[in-house]
Amino acid sequence: MTSASPSPSSPSSPSSHSPSYEPFAGFDGTRDPGGRPPEPSADLRTWLRDLLLGARFAAGGGREGWLRTALTAVGVALGVAMLLLAAAVPAMMDARDQRRVARDTLSMGEQIKPGPDTFLLDSADTTYHGDDISGVLLQPEGRAAQPPPGLAAMPRPGQMVVSPALKKLLASSPLLRERIPYEITGTIGKAGLIGPADLYYYAGSDKLVAYDATREHGNADRARGFGAHSNSDVRGPVFNLLLVTVLVVLLLPVAVFIATAVRLGGERRDRRLAALRLVGADIRMTRRIAAGEALFGALLGLLLGAVFFLVARQFAAGITIRDISAFPSDLMPDTALTVLIAVSVPMAAVAVTMISLRRTVIEPLGVFRQGLGRRRRVWWRLLIPVAGLALLAPMFGAVKGDASINQYQIAAGTVLLLIGVTALLPWLVETVVGRLSGGPVAWQLATRRLQLNSNASARMVSGVTVAVAGAIALQMLFSAVDQDFVFDTGADPARAQVMVSTDGTTVGQTAHDLRLISATKGVRESSGYLRSQATRPDASTLTGDDRTFPYLPVIVGDCTGLRELAAIGAGCKPGSTFLVQPPADDGNDESPKYLKAGHRIDLNAGYSEKYTGAPRLWTIPAGTPTVATRVDPTGSRQWGVFATPEAIDSSRLFDPGSQIMIGLDPHLPDAVEYVRNTAAGFGVNTYVMNISSTQTKASYTQLRRGLFAGATLTMVLIGASLLVTMLEQLRDRRKLLAVLVAFGTRRSALAWSVLWQTTIPVVLGLVLACAGGIGLGAVLIAMVGRAFQMDWGSVALMSAVGAGVVLAVTLLSLPPLWRLMRPDGLHTE
Amino acid sequence: MTAAPEPLLVATDLHKVYGHTPALDGAELTVRAGEVVAVMGPSGSGKSTLLHCLAGIVTPDSGEVRYRGRQLSAMSDGERSALRRTDFGFVFQFGQLVPELTCLENVAMPMRLGGRKRKEAEAQAATWLERLEVADIADQRPGEVSGGQGQRVAVARALVGEPRVVFADEPTGALDSLNGERVMRLLTEAAHDTGAAVVLVTHEPRVAAYSDREIVVRDGKSRDMERVS
Amino acid sequence: MSIGHTLLGLLESGPRHGYDLKRAFDERFGHDRPLAYGQVYSTMARLLKNGLVEVDGIEPGGGPERKRYAITDAGVTDVESWLAQPEKPEPYLQTTLYTKVVLAILTGRPAADLLDTQRAEHLRLMRELTRRKSGGDLADQLICDHALFHLEADLRWLELTAARLDQLAAEVTR
Ligand SMILES: Nc1ncnc2c1ncn2[C@@H]1O[C@H](COP(=O)(O)OP(=O)(O)OP(=O)(O)O)[C@@H](O)[C@H]1O
Ligand SMILES: [Mg+2]
């Protein structure tokens with residue numbers, strides 16, 4: 001072929017739909033002779049063709065290629081599933097909240113008259129092995145009483161309807177069954193459950209009596225239906241700071257992880273693109289093909305992620321992460337967020353690919369990294385965390401009280417600080433690794449490999465780094481603001497561990513209860529008292545709006561019981577009485593006026609503002625000594641009139657309630673369960689409380705649980721991603737490994753080199769993570785205006801978790817490594 | 001083959017320095033349509049660099065390469081890419097095939113990049129594989145075929161677009177003499193049939209014997225062996 | 001190989017006695033086969049007759065006559081064209097080629113050109129054989145291949161020598 005006219009089969013034939021690729025446009029005079037030909041602007045079809053070609057590379061390529069694409073897709077899918085889960089959390093919380101409110105039995109203030117649709121209810125909550133079980137006793141007063149959500153009918157007396165989780169628990173726990181002995185006639189429907197792990201029951205009763213107007217008599221509330229108005233509690237800026245940080249810390253590693261996943265197989269891809277450049281792909285085509293490849297993996301990952309999510313959702317019912325469980329149907333990702341994920345993940349994949357291609361120039365002869373030979377510069381990497389700091393610095397000390405905070409600013413600052421950690425990582429790895437040398441073969445192989453391409457390794461651990469740094473920072477913040485949310489109850493669990501309180505009881509009943517309790521398995525010691533109240537003797541005669549009924553507690557108990565409450569020495573015998581004045585800092589200056597020996601008090605002290613009934617006057621015996629109070633085992637200070645049962649006719653007391661303090665046998669873990677079982681027989685108005693030295697605000701507990709749940713998931717995810725990356729790296733070097741084995745390199749040496757190769761960047765990453773985490777933690781603490789305090793325990797814990805994940809991953813990658821090292825790996829292109 | 005009066009590819013006074021290593025130092029080369037030019041010379045003398053300059057893959061520091069009267073270095077990357085797609089073909093020692101694609105797809109690739117339909121491109125690729133006696137491995141991947149088979153696939157790919165110039169850098173470097181000569185015979189015959197010129201870098205005199213003309217490169221300087229005697 | 005051309009070439013650096021010529025020849029080229037003096041004498045006589053050398057002077061004294069020979073312009077031209085003329089490619093050429101290279105170095109001529117010329121000649125023959133091979137039957141092919149492999153060996157030797165010319169020149173002109 002010597003003529004200039006191309007043969008008909010030549011791709012440059014005029015029939016081609018993309019004349020812009022005509023290379024002879026300039027040679028045969030058809031082009032404007034002045035300037036350069038316009039850069040070929042690809043039309044839609046060319047775009048499509050190149051993208052499809054890229055997809056073809058991703059999809060084709062035999063087992064090897066498929067594996068790589070599958071790894072990418074699985075990586076992206078894990079991230080997407082995580083994001084979808086995060087997107088479903090608000091709706092899930094909402095749905096749970098709605099159902100929680102719908103079955104709520106509280107906030108029924110007004111008095112209701114009995115009617116055909118009313119019923120009586122009382123809560124019968126209990127705890128079993130640390131799990132809270134909610135029970136509601138129901139007693140319909142008419143036929144039209146509406147059953148609670150999830151129930152078809154009101155349970156009959158002695159029967160109950162239970163949640164599926166409770167049913168299972170009851171079946172496996174005879175001890176609990178003893179406590180909740182009602183006949184199970186059905187299960188609560190979904191509408192009546194917050195989540196599948198919900199432990200709940202509705203039992204029918206015929207022992208309920210509605211409270212009367214004075215609430216002196218009765219044991220149950222009357223209601224017409226279930227449900228309350230939702231009242232979301234205001235949480236305050238510190239809480240919001242925590243919330244924002246938790247979200248950022250949990251989701252950022254996911255983003256880093258997705259970015260890592262789409263860069264899998266980058267070296268191979270570069271080589272492949274170089275081969276395409278040789279046969280005439282221009283730079284734009286190359287980019288489009290790479291984009292198509294990334295897009296394919298990302299789209300596949302997106303689909304797979306959706307599948308993962310749907311599958312995981314089915315299993316969600318069986319999984320309780322740190323006390324939170326959810327119904328599959330509750331996990332409905334927010335539509336807008338889902339669309340955002342579906343669009344942004346593929347776009348991010350393409351963007352990441354383009355950015356990674358920007359640093360490399362793919363030429364027909366191979367791949368040149370522009371940065372090759374030029375050391376990474378540290379200054380712009382430092383700029384990122386500095387910018388984050390600049391965003392956060394104005395808020396130092398500002399996050400407190402009711403101040404409204406700019407959550408976006410906090411999120412951006414935190415993200416920048418954490419991203420800064422990942423940006424610094426490649427520089428750190430390169431700088432440190434560049435100085436390593438010598439050592440045994442395995443070490444040498446590892447360090448040389450890292451020196452040649454520290455990028456991939458740095459990328460591999462960046463997810464761990466971000467996660468650990470974030471977790472350390474959060475832990476520090478949490479422990480700094482703990483006092484805000486955790487209250488010291490002052491209780492002394494050494495004296496008693498359980499308190500059983502019963503409303504509306506009598507001295508005889510209490511004595512009986514006490515006997516039963518002390519006979520219960522696992523109870524070491526017990527003491528109890530009866531509590532009631534009195535008021536001024538002239539209460540019944542008072543009129544006018546300014547009348548007040550001073551509160552005068554009356555406590556009746558035997559000497560053992562009273563000694564727990566006041567500094568009563570040996571002078572106590574049946575018939576004794578004592579006076580204890582309210583603490584001075586109480587500001588209570590009225591009660592002491594009446595707490596005097598020889599004074600009379602009115603035992604008919606109602607709960608309402610109106611005096612009802614006839615006065616029951618009682619005289620504090622003359623000569624009653626005043627003694628000092630003593631902190632009781634629950635941490636509170638009791639005061640008032642202390643009397644032994646012989647000193648007062650307890651039937652005259654107003655609505656007396658008993659409190660029994662119990663010390664348990666520490667060697668019998670189930671002791672508390674036996675006590676609960678015993679107490680369950682005391683009547684509907686008996687409550688069992690664990691005495692603990694601290695108490696935590698509920699929403700804070702929720703957040704902390706959420707953090708732990710999320711951190712657990714993130715760590716698992718990062719472990720999976722590490723494994724994927726590791727396998728991919730091994731796969732990439734299959735030939736080299738085979739050659740080394742052929743040389744006679746010992747496999748153990750290679751295994752060690754793989755371990756070193758991950759360990760070195762991981763150690764560096766963890767060092768950076770600790771530094772970054774402590775830094776971010778310090779910033780966050782500064783924002784809430786607390787003094788900086790180091791939480792070395794959490795630093796160590798988080799580092800250990802990160803290192804553990806890496807170690808586990810390395811171990812998991814050893815079997816494939818062994819297989820890859822077979823000499824048949826030599827025969828690969 | 002007699003040289004056409006009009007030279008296809010003319011390189012004059014090429015200089016190229018890598019770092020401090022002079023790779024080309026005044027090399028020259030003229031390729032006329034349809035001729036096979038062997039480029040020989042010691043290792044490191046700059047043969048590959050010269051070839052890459054001729055193909056527009058590497059831009060020389062000074063000197064110029066004209067393809068059909070047009071200076072390569074004045075073209076944009078897109079134009080040079082298009083040129084590689086339509087007018088040039090390449091056969092290297094190894095590694096130029098895309099490992100992910102089957103042999104057939106590899107051969108069809110230049111045409112596909114040029115915008116041809118897949119069916120069409122693969123049909124034509126198949127005839128080329130047949131011509132190079134490797135039709136039986138069409139559906140295998142480069143990793144699964146022998147070196148000689150792979151080279152023939154590479155030759156098919158280089159020639160499938162009926163280029164005007166085929167650049168071959170030690171195409172038989174990894175083959176035994178029998179296979180090497182077979183590849184050379186197929187390459188030169190096919191090139192002859194399509195009228196393609198071949199620039200052939202080789203160390204082996206017997207491979208060079210398939211050429212019409214010889215250039216020797218020493219220390220970055222070229223010597224046209226036709227002019228020595 | 002041509003002893004006449006070699007002796008002529010040796011004379012280029014200056015007039016010599018016949019005996020000197022023999023010694024110089026033996027030293028450089030006669031590693032295993034020293035030249036017989038008679039052969040020098042007869043060769044010089046032929047060269048004298050052809051006008052390529054002339055007698056520069058006769059040294060008086062006993063014994064055989066001691067003529068000093070000098071190269072003529074015609075002789076120089078003759079050496080020149082001999083060196084420039086590629087040898088017909090055939091096996092076991094290296095003695096001749098070596099002699100030519102050394103003489104070229106000794107006489108300050110471009111030895112590389114000499115090698116390149118020879119190389120071109122070799123390749124030309126190889127091309128021809130290759131062409132013949134592709135048209136011929138198996139017997140032809142095998143015969144051609146035999147020749148080709150020998151030629152290839154020579155060509156490689158040429159390449160090697162070309163790469164070591166500087167080293168050789170340093171040794172020869174030491
Ligand atoms: N990309 C590169 N970077 C640095 N130096 C290079 C590069 N390519 C070639 N060189 C140098 O340029 C010189 C010529 O290299 P070239 O590859 O052209 O030699 P060659 O004649 O093809 O050798 P061989 O026969 O061994 O393939 C060598 O010294 C080589 O080191
Ligand atoms: Mg080379």
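## Where chains B and C meet

In this predicted model, 20 residues of chain C are in contact with 21 residues of chain B. The size of an interface is often given as the accessible area lost when the parts come together. For chain C and chain B, about 1,700 Å² is buried between them, and 52% of that lies on carbon and sulfur atoms.

Which residues of chain C lose the most area to chain B? They are C:Asp116, C:Arg119 and C:Arg127, and together they make up 31% of what that side buries. There are charged links to look for as well: the count between chain C and chain B is six salt bridges.

Now turn to chain B, where six strands form an open sheet. Reading across, the order is S6-S7-S8-S3-S9-S10, and the pairing is mixed. At the edges you will find strand S6 (88–91) and strand S10 (221–224) of chain B, each of which pairs on one side only. From one strand to the next, the twist averages 20°. Helix H5 (residues 147–160) of chain B packs on this sheet and touches S6 and strand S7 (165–169) of chain B. The direction of this helix makes about 175° with that of S6(B).

Strands of a sheet pair through backbone hydrogen bonds, either parallel or antiparallel. In which sense do strand S3 (residues 36–40) and strand S9 (residues 213–218) of chain B pair? Their pairing is parallel, over four bridges. Within these two strands, B:Val39 stands opposite B:Ile215 in S9(B).

## Nonpolar cores

Let's move on to the nonpolar cores. The largest one has 68 residues, and those that touch the most other members are A:Leu418, A:Val468, A:Ile472, A:Leu722, A:Ile760, A:Leu776 and A:Met783. Several helices of chain A supply at least two residues each, among them helix H5 (236–262), helix H10 (407–433) and helix H19 (747–783). The largest share, 17 residues, comes from H12(A). Apart from this core lies another, of 38 residues, including B:Val145, B:Ala154, B:Leu175 and B:Tyr210.

Leaving aside residues up to four places away in sequence, A:Ile760 touches A:Val433, A:Leu436, A:Trp443, A:Thr447 and A:Leu450.

How values were computed: Residues are numbered from 1 along each chain as its sequence is written. Chains are lettered from A and ligands numbered from 1 in the order in which they are written. This is a predicted model: local features need pLDDT of at least 70, side-chain atom pairs count only at pLDDT 80 or more; totals for chains, interfaces and linings use all residues. Side-chain values use heavy atoms; hydrogens and water are left out. Two strands pair if DSSP finds at least two bridges between them. Axes are lines fitted to C-alpha atoms, for helices over the stretch in contact, and angles run from 0 to 180 degrees between N-to-C directions. Contact means heavy atoms within 4.5 Å. A nonpolar core is a set of buried Ala, Val, Leu, Ile, Met, Phe, Trp, Tyr and Cys residues joined through side-chain atoms within 4.5 Å. Buried means under 20% relative accessible area, exposed over 50%, partly exposed in between (1.4 Å probe, protein chains only). Buried area is the accessible area (1.4 Å probe) that two parts lose on being put together, summed over both. A salt bridge is a side-chain nitrogen of Lys or Arg within 4 Å of a carboxyl oxygen of Asp or Glu.
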